[in-house]
Amino acid sequence: MISFSYPIVLFLIPIVLTIWYVFFREKFWSIYPNPLIAKYLKNPKIIYFLWVTRSILVSLIFLILIWTSITRQVTTRNKIPQDIMIIFDISLSMLAEDISPNRIEVAKSVVRDFISSRTSDRIGLIIFAGKPFVSIPFSTDYSGIKNVVSWLSPYLIRQDLPGLSWTNIWDAILLANMNHSGSKSPEKSVILLTDGRANVWIDPIIAAQESEQSHIKIYTIGIGS
């Protein structure tokens with residue numbers, strides 16, 4: 001961007017050039033005291049070249065006199081921090097070894113890589129099987145969150161007890177919505193990692209519709225072959 005300390009002086013440039021052109025410019029076939037100058041100024045091309053050169057020099061002098069300053073304007077787009085709730089399926093089927101070494105280890109690796117790519121977002125963690133539990137509320141302690149993710153196991157929930165086994169996605173999404181309800185972030189999202197379909201309680205689509213009404217985006221990642 002070019003800025004001038006005294007931009008009004010710019011109007012003098014065309015005035016000075018006009019006065020010079022009308023009253024002081026060289027005329028063709030004029031007689032000059034210096035024979036060498038007179039010889040070359042008989043060529044119209046030389047005359048035109050001289051006019052252009054002088055015009056440029058006059059413009060440069062004026063620009064220097066009015067303290068021209070050239071500045072670079074850089075526009076940056078600030079990324080809006082998000083509140084992201086990760087819903088992590090730790091049902092017993094996540095121990096399946098159809099992908100190496102098993103489903104839950106692959107899922108944990110994916111989550112850790114994702115967290116490493118964040119810079120200012122708040123991240124929370126919900127684990128679930130037959131019931132969901134908030135493992136980590138929204139936080140920017142990325143190293144702490146990754147440590148918790150590394151320790152995730154199906155045995156964190158007593159899935160041998162009634163109501164704590166299977167895959168209850170509906171309750172997990174509702175719990176994520178509840179945690180987002182107190183968030184002031186304009187960008188809210190849920191990342192659901194699971195290895196299967198919901199097989200207990202209500203259709204999770206109903207909970208997802210509630211998320212949509214609350215402007216919460218849901219991204220799903222399927223784990224398994």
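In β7, Y219 is the bridge partner of I191. That pair belongs to a set of 7 bridges joining β6 to β7, two strands that run parallel. To get from β6 to β7 the chain passes through α7, and this β-α-β crossover is right-handed. Keep in mind that this is a predicted model.

**Around β6**
- On the β3 side, β6 is joined by 7 bridges, and this pairing is parallel as well.
- One of the pairs here is Q82 with E187, the latter sitting in β6.
- β6 is mostly covered, with 7 of its 8 residues buried.

**The chain as a whole**
- The chain has 7 helices and 7 strands, and read along the sequence they follow the pattern β-α-α-α-β-β-α-β-β-α-α-β-α-β.
- Of its 225 residues, 33% count as buried.
- If you take contacts between residues at least 6 apart in sequence, 78% of them join residues at least 24 apart.

**Cores**
- The largest nonpolar core has 23 residues, and F88 and L125 touch the most other members.
- β3, α4 (103-116), β4, α5 (142-150) and β6 each put in at least two residues of this core.
- Among the contributors, α4 gives the most, with 4 residues.
- What does L125 contact, leaving aside neighbours within four places in sequence? The list is M85, I86, F88, F133, V134, S135, I136, V148, V149 and L152.
- There is also a second, separate core of 16 residues, which includes M85, F128, A172 and A176.
- As background, nonpolar side chains in soluble globular proteins tend to be buried together.

**Helix α6**
- Which residues of α6 are buried? They are I169, W170, A172, I173, L174, L175, A176, N177 and H180.
- The cover over those buried residues includes strands β3 (82-89), β4 (122-128), β5 (132-139), β6 (187-194) and β7 (216-222), plus helix α7 (204-213).
- Two of the buried α6 residues, A172 and A176, turn up again in the second core.

- S183 lies in the loop between α6 and β6.
- Is S183 buried or exposed? Its relative accessibility is 9%, so S183 counts as buried, given that the cut-off for buried is under 20%.
- The side chains of S183 and D83 are joined by a polar contact of 2.3 Å.
- Not counting residues up to four places away in sequence, S183 touches D83, R122 and K188.
- S153 is placed in the loop between α5 and α6, and it counts as buried because its relative accessibility is 19%, just inside the under 20% limit.
- Beyond neighbours within four places in sequence, S153 is in contact with I90 and I104.
- T167 also has its place in the loop between α5 and α6, and at 5% relative accessibility T167 counts as buried.
- T167 has a list of contacts that, leaving aside neighbours within four places in sequence, runs to D89, S91, F128, A129, T194, R197, A198, N199 and V200.
- One of those contacts, F128, is a member of the second core.
- T167 and P132 are 35 residues apart along the chain, and their C-alpha atoms are separated by 9.6 Å.

- A cis peptide bond joins S100 and P101, with omega at about -5°.
- P101 lies in the loop between β3 and α4.
- W166 is a residue other than glycine with a positive phi, near 75°.
- W166 is found in the loop between α5 and α6, and it counts as exposed because its relative accessibility is 56%.
- H215, also not a glycine, has a positive phi of about 60°.
- H215 is found in the loop between α7 and β7, and its relative accessible area of 66% makes it exposed.

Definitions and conventions:
Residues numbered from 1 in each chain as written. Predicted model: local features only at pLDDT ≥ 70, side-chain atom pairs only at ≥ 80, totals over all residues. Heavy atoms only, no water. Buried < 20%, exposed > 50% of the residue type's maximum accessible area, 1.4 Å probe, protein only. Contact = heavy atoms within 4.5 Å. Core = buried A, V, L, I, M, F, W, Y, C linked by side-chain atoms within 4.5 Å. Pairing = 2+ DSSP bridges. Right-handed = clockwise from strand over helix to strand, strands pointing away. Polar contact = N/O pair within 3.5 Å; in protein donor to acceptor, adjacent residues only side chain to side chain.
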